[in-house]
Amino acid sequence: MTVQTHDYHTGGEPFRIVTGGIPPIGGSTVLQRRAWIAEHLDHVRQLLVNEPRGHADMYGGFVVPPDDDGADLGVVFFHNEGYSTACGHGTIALATWAVESGIVPVTGDVVDVVIDVPSGRLPTRVHVRPDGTVEQVVFTNVPSFVKAHVGMEVHGIAVDVDIAFGGAFYAILPAAAVDLEVVPEQLDEIIVTCRSIKDALNASEEFVHPDIPELRDIYGVILVDELEDADDGSLRQRNVTVFADGEVDRSATGSGTSARLALLHRQGVLDAGRMLHNHSIVGSVMTGAVSAEATVGDYPAVVTHVGGQAFPTGMHTFVLRPDDPIGTGFLLR
């Protein structure tokens, strides 16, 4: 087996784009193609995520056709546990790749790229430098909303957790509520705590999108630190997201940023138009703002814009010989 990829990172978080070496993908929508890939191409996901070719925190996507002619391309996201319904950092990387590789032609200093993802259609605006490289990508996410407010016990501590949707469901709480801080030195404790919160919530009840039942369950847990507001009045916070099977997002998490924007707007902390500077655990930043109000089922929702930068890290041809006893690899964590 030989598989080609173009690799990017968004705010330090990897995104491995599969560009060759796989058969035509079945299904007529991105959601259907996600199910087809899970059934027929999971060995490719394992090859690209698992050691020795990847690692427990690897992330990537299969480029697929869009649902219809209204979009430029589609994507099925993958990680160490399977396939996610949304990925903001991956959307930013994919739009960057689409422009820098010529998949979508550059017609000016701003290029519109429309991407179909499992949670819906995402218009993106790609800001291009004179040399053809991408300076920034801003995507408009699917409507985001607050699903629930849950009281629970975490390691003997009573905490309140908010459940919000930004393309996937996230559990959100202050890091200080569980005696933690969003710093690399506490990463092991962060992973253990977030895993326990996610498992407990998914075991206690179902969290299902009111319109799209395939979008369900808690995908990630977000711990938040407060920071001083920026000089221009923008809100500044730092967060870390632990998702899938204990995977840690190095970026500020694009879909998680949308979920947090919905929560902050609901709490009255962030009015429409006020910018959130969302810092990651490694110091990279995504920006986000609420641009409009909406509804999802019976839930008040918001339309959000999230911006970030992606950079290429390499182009790869991964090979698996039939006599390799390691096969598609392993994960030690």
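Visitor: Which residues form one aromatic cluster?

Guide: Phe15, Tyr59, Phe77, Tyr170, Tyr219 and Phe243. This is a predicted model, where local features need pLDDT of at least 70, side-chain atom pairs count only at pLDDT 80 or more, and totals for chains, interfaces and linings use all residues. Residues are numbered from 1 along each chain as its sequence is written, and side-chain values use heavy atoms, with hydrogens and water left out.

Visitor: How many aromatic pairs in the whole structure?

Guide: The search finds 11. Rings of Phe, Tyr and Trp (its six-membered ring) pair if their centres lie within 6.5 Å; planes under 30 degrees apart are stacked, over 60 edge-to-face, the rest tilted.

Visitor: Why is Phe15 with Phe77 edge-to-face?

Guide: Their planes are at 65°, so the pair gets that label; the ring centres are 6.1 Å apart.

Visitor: Where do the two sit in the chain?

Guide: Phe15 is in strand β2 (residues 13-20) and Phe77 in strand β4 (residues 73-78), 62 residues apart. Strands are DSSP runs of E, at least two residues, numbered from the N terminus; helices are runs of H or I, at least four.

Visitor: Is Phe15 buried or exposed?

Guide: Buried, at 1% relative accessibility. Phe77 is buried too, at 0%. Buried means under 20% relative accessible area, exposed over 50%, partly exposed in between (1.4 Å probe, protein chains only).

Visitor: New topic. Where is Ser28?

Guide: In the loop between β2 and α1 (30-40). Ser28 is partly exposed, at 45%.

Visitor: What does its side chain make a polar contact with?

Guide: The side chain of Gln32, at 2.7 Å. A polar contact is a pair of N or O atoms within 3.5 Å; within protein, one must be able to donate a hydrogen and the other to accept it, and residues adjacent in sequence count only if both atoms are side-chain atoms.
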